[in-house]
Amino acid sequence: MPAASPYRGENVKAIRRFTVRPVLPEPLTPLHELAHNLRWSWHPGTRDLFRSMDPARWAASDGDPVRFLGAVAPARLAELAADEAFLRSLGEATEDLRSYLEGDRWYQEQNGSLPAAVGYFSPEFGITAALPQYSGGLGILAGDHLKAASDLGVPLIGVGLLYRHGYFRQSLSRDGWQQEHYPVLDPHELPLTPLRESDGTDCRIALALPGGGRLLARVWQAQVGRVPLLLLDSDVEENGPGARDVTDRLYGGGSEHRLLQEMLLGIGGVRAVRAYCRLTGHPEPEVFHTNEGHAGFLGVERIQELAGRGLDFDSALEAVRAGTVFTTHTPVPAGIDRFDRELVARHFGPGAELPGIDVGRVLALGTETYAGGDPTLFNMAVMGLRLAQRANGVSTLHGRVSREMFSGLWPGFDPEEVPITSVTNGVHAPTWTAPEVLRLGSRDLDDHEAVVTGTPGRDIWELRRELRGRLVEEVRRRLAASWRQRGAGTAELGWIDGVLDPDVLTIGFARRVPSYKRLTLMLRDPDRLTRLLLDPERPVQIVVAGKAHPADDSGKRLVQELVRFTDDPRVRHRIVFLPDYGMAMARNLYPGCDIWLNNPLRPLEACGTSGMKAALNGCLNLSVLDGWWDEWFTPDFGWAIPTADGSGTDEERRDDLEAAALYDLVERRVVPRFYERGPDGLPDRWIEMVRRTLTQLGPKVLAGRMVREYVEKLYAPAAHAARALTPDAARELARWKSRVRAAWPGVAVDHVEAAGAAAELGASLVLRVRVALDELGPEDVEVQAVAGRVDSGDRIADATRVALKPSGGPDLDGRWSYEGPLSLDRTGPFGYTVRILPAHRLLASAAETGLVTVPSESASEAAGVLLR
């Protein structure tokens, strides 16, 4: 028999792949816990411990402890197991983690009865580059929410999907066209553990499919500090090919694929939470937070749970609404998932999912019943709002935009009365702030202001140059790798050693590439941009990164247009495009930039947290007044790009005007401020802006502030409302709403009159109102006077609302009388009206039912406008 010839096998592919886990020596077993708790991603001490084991392999693993432990040589592990100094460090790190996990934190120190737990559902989570389950801002925000909740001790349970291909990896063709790659992720190589039943088998969640099929999902758990994150994975052998692929890609596939993803996230997610609490003893959530409409079906699953306990649909709906919070992240209808009603109908009811619930009731939750809506479509955001008693946007401006956008769900109410509040997003400082910047202050961010205030300007400036220099090295490394992917040989790449300069003003722009973010606005006048880049005395350099959605060819064309400009040999040492933007790149990009550029079409940026991350590193913002910058901009922190958003300005003209304003700001304000020098040779005014950004803006943009606001404004009230909605109370509220809706057509304002002194400032009038309540009584309604300044069309602005009191009735006609004082507390054109609203102790807002009655013209023709 011939001897086997040596064969290197470079072209042979394995038919099966699996992970061989390292066997840690017993003294090193705590490393497993440290690697699988994602607190390492924001805890420098833990990362330093892993790095000390083998710096070269740590760098090769991209700072992923799970990959790293699988690569460390057994001999090195044995050596470390006998190293007393290392074992002491390991013991200290382990004890520090356990103290973090078990000790009381902010949440445990609060007075009042806070929720025992909160379920937080999101389609994506950006925790770390080692767990690539995010595409952009929504996922990064969700990740920061979990991290801040962990730091504060808020008992969240995160719920999402595990995408086997994650979001795509981006590269460029030779001509600058975006190319997508979808590497397969093995959960066993990720910082995940399977949720197991008490008998050791994998926990499985099942959804019914039309025609008698089933969609099964395994539940994986990531530990984000104190917060468990449950991720559902449909890639299990029992599923057919279509079902296995439900969780293949983030935001991939057609309508039915997306619908199944969202059913698995919402319905399957609730079932996963129930299983997790059953198996671990974790308290059941009292509040469910729907982070964007993708997870909206969680409310329907919870209605079915309550229906199984004897509640009818309407009563269960009230109970579910009381404990649900819905956050909208989009300021445009096009950003909302909408499905064909017939597709949704096919997946619910007999022979499919939730067979105990009438399909028509499910469809009604998402139907666009308002003016301008499409009744043939099922709108996930509309369902989210109808299933949540409390809702919010993600900045003050976005809250206002959302109230306008969804006002059709509350007809008869002014947009400012639509029950959508706002909690401005924040970012997790330990994740996004360079350690050197944190050391300017202290690990306790509350002390950061005092310490940074006392830091000499020279130290701040030297740190800024150090971080800029580090970015230059990172850019050159990534740019060389990108050009090699594009087919360039080493001999072609010598120019990269001269790309960027650590002493040149550096502008960063990195984000997703939908058209409204205007990636190429900076190219509007390429000659002017070139002059800025190549100025011999005061040059500018720009680092750009971003991904277009794989199906968005217009976005890809924007990327290609920018890449072609950056390829020009005249300017390529001053402006670069880096492909494959993600968390790993971002953490180096923010600290190294002097200016963070943001130029969306206002008001289409819901919040825009990248500028917040930059600010935490002392980077100044140059942005359109949109999202969070509209709320917190002052000249201390950067510059506001003027906008031309009047209705008479077409898109081309608007872009021309705003690009010119951008060039003017950079040329006349930003560049001179950066390069001017004071008596000591330092840019004193620039340094002072950096100092103020760190000390005054920094505390506002923290995710800890954001999560505390969620607890105080939304989670705690939702928990109290949910507790108040016992089964009997839920039935009472549902019956009351049904009775009010049936009677409301007969509710009317018959007569309004005012009596009193002349209309002078400080005077008071007495309003008398006669109303018809049909089958309702005064206990079911509130009669209000609404007064304030009026415009030329008699519309009331800055309204004051005063409840009038019943003064008699019912009379022979069944009418009730109300009256009350009206104070004339302002001068100028002044007017009033009255209205009737449903009123019940269990309503979260006066607008909750969407019902309101105002006077007819005949009832109010003799009253209403006092002064013109």
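Predicted model: local features only at pLDDT ≥ 70, side-chain atom pairs only at ≥ 80, totals over all residues.

## Salt bridges and other local features

Reader: Which residue does arginine 169 form a salt bridge with?

Author: The partner is aspartate 580, and the closest N and O atoms of the two are 2.6 Å apart.

Reader: How many salt bridges does the count come to?

Author: The count comes to 67 salt bridges. Another of them joins aspartate 656 to arginine 524, with 2.8 Å between the closest N and O atoms. Since aspartate 656 lies in helix 25 and arginine 524 in the loop between strand 15 and helix 20 (526-534), this pair ties together parts that are 132 residues apart in sequence. Both partners count as partly exposed, aspartate 656 with a relative accessible area of 38% and arginine 524 at 30% relative accessibility.

Reader: Staying with helix 25, how far apart in it are aspartate 664 and arginine 668?

Author: They are four residues apart in helix 25, which means that about one helical turn separates them, and their side chains meet in a salt bridge at 3.8 Å, N to O. Aspartate 664 is partly exposed at 24% relative accessibility, whereas arginine 668 is exposed, with a relative accessible area of 58%. Elsewhere, salt bridges that share partners join Arg518, Arg524, Glu652, Arg654, Asp655, Asp656 and Glu658 into one network.

Reader: Changing topic, what does UniProt say about Lys613?

Author: The UniProt record, an unreviewed entry, carries the annotation "modified residue: N6-(pyridoxal phosphate)lysine" for Lys613. In this model lysine 613 lies in helix 23 (residues 610-616), and it counts as buried because its relative accessibility is 3%.

Reader: Where is proline 603, and which peptide bond to it is cis?

Author: Proline 603 is placed in the loop between strand 18 (595-598) and helix 23, and the cis bond is the one from arginine 602, with omega near 5 degrees. The bond from glycine 809 to proline 810 is also cis, with omega near 0 degrees; proline 810 has its place in the loop between strand 25 (805-808) and strand 26 (815-823).

Reader: What about phi of leucine 500?

Author: Phi of leucine 500 is near 65 degrees, a positive value in a residue other than glycine. Leucine 500 is in the loop between helix 19 (457-485) and strand 15 (505-510), and at 3% relative accessibility it counts as buried. Glutamate 292 likewise has a positive phi, of about 75 degrees, and this glutamate is buried, with a relative accessible area of 7%.

Reader: Last one: which residues gather in a patch of negative charge?

Author: Glu404, Asp414, Glu416 and Asp798 gather in that patch on the surface. Of these, aspartate 414 lies in the loop between helix 15 (396-405) and strand 14 (421-422), and at 36% relative accessibility it counts as partly exposed.

Terms used. Residues numbered from 1 in each chain as written. Heavy atoms only, no water. Patch = residues over 30% accessible without salt bridge, like charges linked within 9 Å, V, L, I, M, F, W, Y side chains within 5 Å. Areas by Shrake-Rupley, 256 points an atom, 1.4 Å probe, with all protein chains shown as cover. Salt bridge = Lys/Arg side-chain N within 4 Å of Asp/Glu carboxyl O. Lys, Arg positive; Asp, Glu negative; His and termini not counted. Charge placed at Lys NZ, Arg CZ, Asp CG, Glu CD. Helix = DSSP H or I, 4+ residues; strand = E, 2+ residues; numbered from the N terminus. Buried < 20%, exposed > 50% of the residue type's maximum accessible area, 1.4 Å probe, protein only. UniProt positions renumbered as here; feature names shortened; annotations may be inferred.
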